[in-house]
Amino acid sequence: MVGFCGLGGIGKTTIVTALYNKISNQFRSTSFLTNFREESTKDSGLLKLQQQLLDDTLGVKGQLTLKKIHEGVKVIKDKLSSTKVLVFVDDINDSKQLEHLVGKHSWFGHGSRIIITTRKKDLIKAHEVDYMYEVDKLIEVEALQLFCSYAFRQHLPGKGKGLKDWKSELKKLQEVPNMEITNVLKISYDGLDRTQKMIFLDIACFFKGAHVEIVTQVLDGSGFKAESGINALVDRCLITISKNKKIEMHDSLAQMGKEIVYKECPNESRERSRLWKHEDVCRVLTINTGTEKIEGMLLNDQCTSEHEIKFTSETFKRMTRLRVLMVNNNQVQLSEDFTFPSHDLTYLYWAGYSLASLP
């Protein structure tokens, strides 16, 4: 058994499809179970997939009808234990799905190959596959070749739009994500529990590239059970931990996380849980419109003004659930009587802090 894991849309199905086309002629019995995630979540979906597996490998379509899942397991073991098969199981998301379709090596004859794809690394490990391959993102040269093959039907950039037009398209994608890509990625996010979603959004908005130990302390301070949550994100290929212990997240995933926060209230930044865009932060802080909805805020040096930005206690008065505050802007000045009203504040980073001591 061989498992392929990686984030949604990275190319797992494309790779195994190419593999199927290359080696399927070496097997008399083959089955490619596509859209596995979608089929197995429907009523009788798993039973339908068991039926397809038997129909494909035995060539008995219409001659053998399964009525119950446990019956399907028995028939698969009885009928295929002496048959050399090639089976592809695409995009599984639950251990029971594996157990009822390709439970053990002994279910299939000598020389069989079972290929599994999933977004959940822990499922592959738990199923004790012989080999696991994590599909990584393309390096820059490969990504350029792939882009050009679709955009220009060749491996190098061709004639067409000018540099100005391409920069405009890039800026648009940075601000307005492609919803087709976002919807594919969001499947993994939707499968997280509430705490894991909170951790994912904090990383996407504030802690991408930060040291895992610092982020763990911040998240634990917020009551998020950080180690368990971070491990869950790693297992689902939503983040990786680099050799120097930095949290890495694909740009498309970070953009998706920010889009989720933006949609909490598209028209009013003060009603969103996290603020990171300088224009949103500046507006909330300079005209004192912060609310209890705001849990995290990043003020960077892009938030510029002709004059110093002055904060008073009134600025943060209604931000009673503020957990994370990161200020990297030397134009900020505080009144002498400044205080933070939020007792939930667990992480404060303030470059160029202007007072002699913390309030």
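Mentor: Contact means heavy atoms within 4.5 Å of each other. The model is predicted: local features need pLDDT of at least 70 and side-chain atom pairs 80 or more, while totals for chains, interfaces and linings use all residues. Residues are numbered from 1 along each chain as its sequence is written, and side-chain values use heavy atoms, with hydrogens and water left out.

Trainee: Which residues of α3 and α4 meet?

Mentor: From α3 they are Leu46, Leu47, Gln50, Leu53, Leu54, Thr57 and Leu58. Their partners in α4 are Ile69, Gly72, Val73, Val75, Ile76, Lys79 and Leu80. By class, this contact has 10 nonpolar, 3 polar and 1 charged residues. Ala, Val, Leu, Ile, Met, Phe, Trp, Tyr, Cys and Pro count as nonpolar, Asp, Glu, Lys and Arg as charged, and the others, Gly among them, as polar.

Trainee: What makes α3 roughly parallel to α4?

Mentor: Two packed helices are described by the angle between their axes and the distance between the axes. Here α3 and α4 (residues 69-80) pack at about 20 degrees, with their axes 9 Å apart. The axes are lines fitted to C-alpha atoms, for helices over the stretch in contact, and angles run from 0 to 180 degrees between N-to-C directions. Under 35 degrees counts as roughly parallel, over 145 as roughly antiparallel, 65 to 115 as roughly perpendicular, and the rest as oblique. The angle of about 20 degrees therefore makes α3 roughly parallel to α4.

Trainee: What kind of crossing does α3 make as it passes α4?

Mentor: The crossing is left-handed. That word applies if the near helix is turned anticlockwise from the far one by less than a right angle; clockwise would be right-handed.

Trainee: Why is Thr57 called buried?

Mentor: Thr57 has a relative accessible area of 6%. Buried means under 20%, exposed over 50%, and partly exposed in between (1.4 Å probe, protein chains only). Thr57 is therefore buried. Thr57 sits in helix α3 (residues 45-58). Not counting residues up to four places away in sequence, Thr57 touches Ser29, Thr30, Ser31, Leu80 and Val85. The Thr57 side chain also reaches the backbone oxygen of Leu53, at 2.7 Å.

Trainee: What makes α10 roughly perpendicular to α12?

Mentor: The axes of α10 (residues 194-207) and α12 (residues 226-235) cross at roughly 75 degrees and come within 9 Å. That angle is what makes the pair roughly perpendicular. Gln196, Ile199, Phe200 and Ile203 in α10 meet Ala226, Gly229, Ile230, Ala232 and Leu233 in α12. These residues divide into 7 nonpolar, 2 polar and no charged.

Trainee: How do you know that Arg274 counts as buried?

Mentor: Its relative accessibility is 1%, so Arg274 counts as buried. Arg274 is in strand β8 (residues 274-275).

Trainee: Which side chain does Arg274 join by a polar contact of 2.8 Å?

Mentor: That of Asp202. A second polar contact, 2.7 Å, is with the side chain of Ser273. A polar contact is a pair of N or O atoms within 3.5 Å; within protein, one must be able to donate a hydrogen and the other to accept it, and residues adjacent in sequence count only if both atoms are side-chain atoms.

Trainee: Lys225 or Cys237: what makes each one buried or exposed?

Mentor: Lys225 has a relative accessible area of 63% and is therefore exposed, whereas Cys237, at 7%, counts as buried. Lys225 lies in the loop between α11 (212-221) and α12. Cys237 is in the loop between α12 and β6 (240-241). Phi is positive in Lys225, near 50 degrees, and in Cys237, near 60 degrees; neither is glycine.

Trainee: How far apart in space are Gln63 and Asn329?

Mentor: C-alpha to C-alpha they are 73 Å apart, and 266 residues apart in sequence. Gln63 lies in the loop between α3 and α4 and counts as exposed at 65%.

Trainee: How many helices and strands are in the chain?

Mentor: There are 14 helices and 13 strands. Helices (H or I, at least four residues) and strands (E, at least two) are DSSP runs, numbered from the N terminus. Of the 359 residues, 46% count as buried.
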